[in-house]
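Here is a short report on a protein and its ligand.

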Amino acid sequence: MRNHRIAVIPGDGIGKEVIEAGKQVIDLLAKKSGEFTFDFEDFDWSSDRYLEKGSYIPKGGLQHLAGFDAIYFGAVGSQQVPDHVSLWDLRLAICQGYDQYANVRPARVLPGVKSRLHGSEKIDWIIIRENSEGEYSGNGGRVHQGLPEEVGTEVSVFTRKGVERIHRFAFEMAMSRQRKKLTLVTKSNAQRHGMVLWDEVFFEVAKDYPEVEIDRELVDAVTTRMVLKPETMDVIVATNLHADIISDLAAALSGSLGIAPTANLNPERKFPSMFEPIHGSAFDISGKGIANPIGSFWTAVMMLEHLGEEKAAKQLMAAIERQTDSGIQTADLGGKATTRDITESICKDIEGQ
Ligand code: NAI
Ligand code: MG
């Protein structure tokens with residue numbers, strides 16, 4: 001019997017609702033398989049904890065987390081805490097602390113899902129987001145606060161090492177796909193230092209992957225290409241900020257932000273990797289029980305793959321696709337179903353498999 005130790009951090013808002021649903025689904029999968037088990041440990045690292053105890057992560061918390069096989073994360077963000085505090089003190093503390101530099105974001109229109117984009121069935125992308133430096137390096141500062149002369153800087157930091165490893169990861173991803181295409185997204189016309197380094201290193205790494213068909217697009221232009229010619233792209237590699245933005249667009253074009261999954265990987269497996277739906281805590285629907293849990297289920301598929309549970313991953317993806325195809329949808333997709341309805345329907349499918 002294989003046992004996987006999973007650290008569960010539901011966080012805030014709908015993060016709590018969709019992670020609870022995800023746990024239920026993967027626990028059932030494990031029981032049905034009879035081949036592996038999950039050992040879940042729940043962490044209360046959230047904005048409630050911050051407001052009560054003054055920190056998201058307790059002292060020694062990151063060291064404790066290091067012993068797990070994977071982290072299953074919901075979302076962080078509260079109307080009572082500034083977003084830059086919640087994001088940096090919890091999510092970025094884990095991603096950067098554990099060198100989860102490869103953020104993988106698949107986008108595809110699932111069966112039965114209506115996208116607002118004509119021709120959206122042609123979307124089948126994997127966006128690779130650099131997840132450790134760039135625009136989210138944290139470098140910068142503010143001086144003369146509150147005075148008319150106030151200055152704020154936000155310095156993007158790109159290192160050859162950081163750029164090369166994400167490009168290599170993206171090329172490997174492209175090699176694993178049928179179409180073997182990779183699009184480089186930067187803004188190296190206006191930003192002439194770090195972005196030019198990104199471009200140069202990309203073309204150097206490309207020499208090691210002659211089978212991969214490559215092209216390059218500026219970030220503003222890629223948004224139009226995603227809408228007008230979605231079929232021309234396969235794997236896309238971009239910086240922390242650019243990929244953050246285009247992956248939300250990718251999710252919306254594929255139907256809803258509530259569907260999209262992501263993996264924050266430390267490919268060397270020196271540290272645990274973290275799996276989360278891409279959405280946030282969604283203040284507008286939190287507590288209503290209507291959040292779409294599909295993003296957290298698809299995220300669980302990525303976690304199962306990472307843990308080597310390929311069979312269970314395929315079973316869950318198939319159950320998700322049958323569920324979306326059934327036409328029973330949550331409100332974000334135009335339906336009336338609740339988080340629980342979708343979860344029960346997926347569980348029923350797994351029971352019957
Ligand atoms: P959001 O992703 O929370 O919500 C954007 C819109 O999408 C809302 O209308 C929401 O209702 C909808 N939506 C998101 N997930 C959904 C789901 N599963 N089912 C149905 N509808 C869904 O982004 P927003 O509003 O920009 O951020 C809210 C808070 O979340 C902020 O504090 C922000 O910093 C935080 N955030 C955290 C993230 C994380 O922990 N990884 C990612 C994005 C935002
Ligand atoms: Mg985002």
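How far is a nitrogen atom of ligand 1 from an N or O atom in the side chain of Glu276? The distance is 3.2 Å. Keep in mind that this is a predicted model.

**Ligand site**

The table sets out the pairs.

| Side chain (N or O atom) | Atom of ligand 1 | Distance |
|---|---|---|
| Glu276 | nitrogen | 3.2 Å |

How much of ligand 1 does the protein bury? Taken alone, the ligand exposes 810 Å², and the protein buries 72% of that. Two elements each give two or more residues to the shell around ligand 1: strand 3 (70-75) and helix 4 (83-97).

The surroundings of ligand 1 comprise 22 residues. Asp284 is one of the closest, and Asp83, Gly280, Ala282 and Asn292 are also in that closest group. Sorted by class, the shell holds ten nonpolar, seven polar and five charged residues.

**Domains**

The chain splits into two domains. Domain 1 takes in 1-100 + 263-352. Domain 2 takes in 115-144 + 152-254. Their C-alpha centres are 25 Å apart. Across the boundary, eleven residues of domain 1 are in contact with twelve residues of domain 2.

**Two residues compared**

Is Thr324 buried or exposed? Thr324 counts as buried because its relative accessibility is 1%, and the cut-off for buried is under 20%. This residue sits in helix 10 (residues 310-325). Leaving aside residues up to four places away in sequence, Thr324 touches Leu110, Pro111, Gly112, Val113, Ile294 and Gln329.

Glu204 belongs to helix 6 (residues 194-206). Its relative accessible area is 38%, so Glu204 is partly exposed. That class runs between the buried limit of 20% and the exposed limit of 50%.

How far apart are Glu204 and Ala30 in sequence and in space? They are separated by 174 residues in sequence. In space, C-alpha to C-alpha, Glu204 and Ala30 are 43 Å apart.

Conventions
Residues are numbered from 1 along each chain as its sequence is written. Chains are lettered from A and ligands numbered from 1 in the order in which they are written. This is a predicted model: local features need pLDDT of at least 70, side-chain atom pairs count only at pLDDT 80 or more; totals for chains, interfaces and linings use all residues. Side-chain values use heavy atoms; hydrogens and water are left out. A residue is near a molecule or strand if one of its heavy atoms lies within 4 Å of it. A polar contact is a pair of N or O atoms within 3.5 Å; within protein, one must be able to donate a hydrogen and the other to accept it, and residues adjacent in sequence count only if both atoms are side-chain atoms. Accessible areas come from the Shrake-Rupley method with a 1.4 Å probe; for residues, only the protein chains shown count as cover. Helices (H or I, at least four residues) and strands (E, at least two) are DSSP runs, numbered from the N terminus. Ala, Val, Leu, Ile, Met, Phe, Trp, Tyr, Cys and Pro count as nonpolar, Asp, Glu, Lys and Arg as charged, and the others, Gly among them, as polar. Buried means under 20% relative accessible area, exposed over 50%, partly exposed in between (1.4 Å probe, protein chains only). Contact means heavy atoms within 4.5 Å. Domain bounds come from an automatic or database domain assignment.
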